[in-house]
Amino acid sequence: MTEKVSARCSWTQTAGNDLSQLIPTRHADEDVFVKPALDDVVNEQRAVLFSNNESASVPCELHFEISPRFKIAALTLVCSAPKVEVFVGTTQEYLETIYGEALEEDESDVPIRPYRYDVEIDRSGIANINLKLLTSCKEICIYGAMLHIAPNPNGITTQLQQTFDLQKIQELLHKGGSNSSSSSSQIKPEDNAEKMQKFMSLMKGITGHSQSQEPAAALPANLDVNSVKQHIDNKFEQLERLITKRLDEIQLQQTEKLDKIIAMLENQN
């Protein structure tokens, strides 16, 4: 079954069909990468031509992305660029620079010579990849491409990049979970400090408890440091939403009580 691939290129497409509809996927064995036959990758219906209408220094960047339920185990690409730089993950971490395998070995005058790349992604949870196609030409032809995918052991947490912002939490506590100026005026400074201190104590207790109870079995052995960090960031994001909701509820209750007191005073006058 072919999974949907989101694909885009930084250069202008001048010929061929929509790029995102032309990239097939193949479920791969995680232990052994089998290079596909050239006929399975290259197809005249998949060929796309891009041209550079901007400055000559602007590289051609090709981006592929799949659902985070899967990971990209390898990529096969046939294009006219002789050299490719590979970047992976949402942070676009540099992986390697590769020279393509020329598919036309003779000395004939081939206007756009094809080069083949078979790139294995030996990383956990990579669901997007960015390629810089390096060439001196102003046109690049993509003859075909294929993504080799496998189930993502890290799930959707590998795609969460929003980090826990302590300053943002502190601002929420000062504002009572609201952006309005009226709510911040009703919270005493000493209450803010006490809430912040209590919050940090609770967080230290939670992390300390999890480490003491599950020192080794809490995480799979194949989980890398980035995945652990992203998982923790996700938990902090959930906690931030919970704190915001709770503070808004408290602020609403205080406002309702204040309205009742004002109404009683107005009736007495």
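Start by selecting C60: this cysteine is buried, at a relative accessible area of 1% (buried means under 20%, exposed over 50% and partly exposed in between, using a 1.4 Å probe and protein chains only). Before you click on, note that this is a predicted model, where local features need pLDDT of at least 70, side-chain atom pairs count only at pLDDT 80 or more, and totals for chains, interfaces and linings use all residues. Residues are numbered from 1 along each chain as its sequence is written, and side-chain values use heavy atoms, with hydrogens and water left out.

Search the whole structure and you'll find zero disulfides.

Next, colour strand β11, residues 128-134 (strands are DSSP E runs of at least two residues, numbered from the N terminus). Five of its seven residues are buried. Which strands pair with β11? Strand β5 (residues 60-65) runs antiparallel to β11, joined by six bridges, and β7 (residues 83-88) also pairs with β11 in the antiparallel sense over six bridges. Pairing here takes at least two DSSP bridges between the strands. For landmarks, look for E61 opposite K132 and F87 opposite N130.

Then show the largest nonpolar core, with 37 residues. A core of this kind is a set of buried Ala, Val, Leu, Ile, Met, Phe, Trp, Tyr and Cys residues joined through side-chain atoms within 4.5 Å. Those with the most contacts inside this core include L62, F64, I129 and L147. Strands supplying at least two residues each include β5, β7, β11 and β12. A second, separate core of six residues includes V41, V78, C141 and M146.

Zoom in on F64: beyond residues up to four places away in sequence, F64 touches, among others, V5, I23, L75, I129 and L147. Contact means heavy atoms within 4.5 Å.

Last stop: I149, in strand β12 (residues 139-151). Is I149 buried or exposed? Buried, with a relative accessible area of 0%. Leaving aside neighbours within four places in sequence, the contacts of I149 include E3, H27, A28, I66 and F70.

Technical notes:
Helix = DSSP H or I, 4+ residues; strand = E, 2+ residues; numbered from the N terminus. Disulfide = S-S within 2.5 Å.
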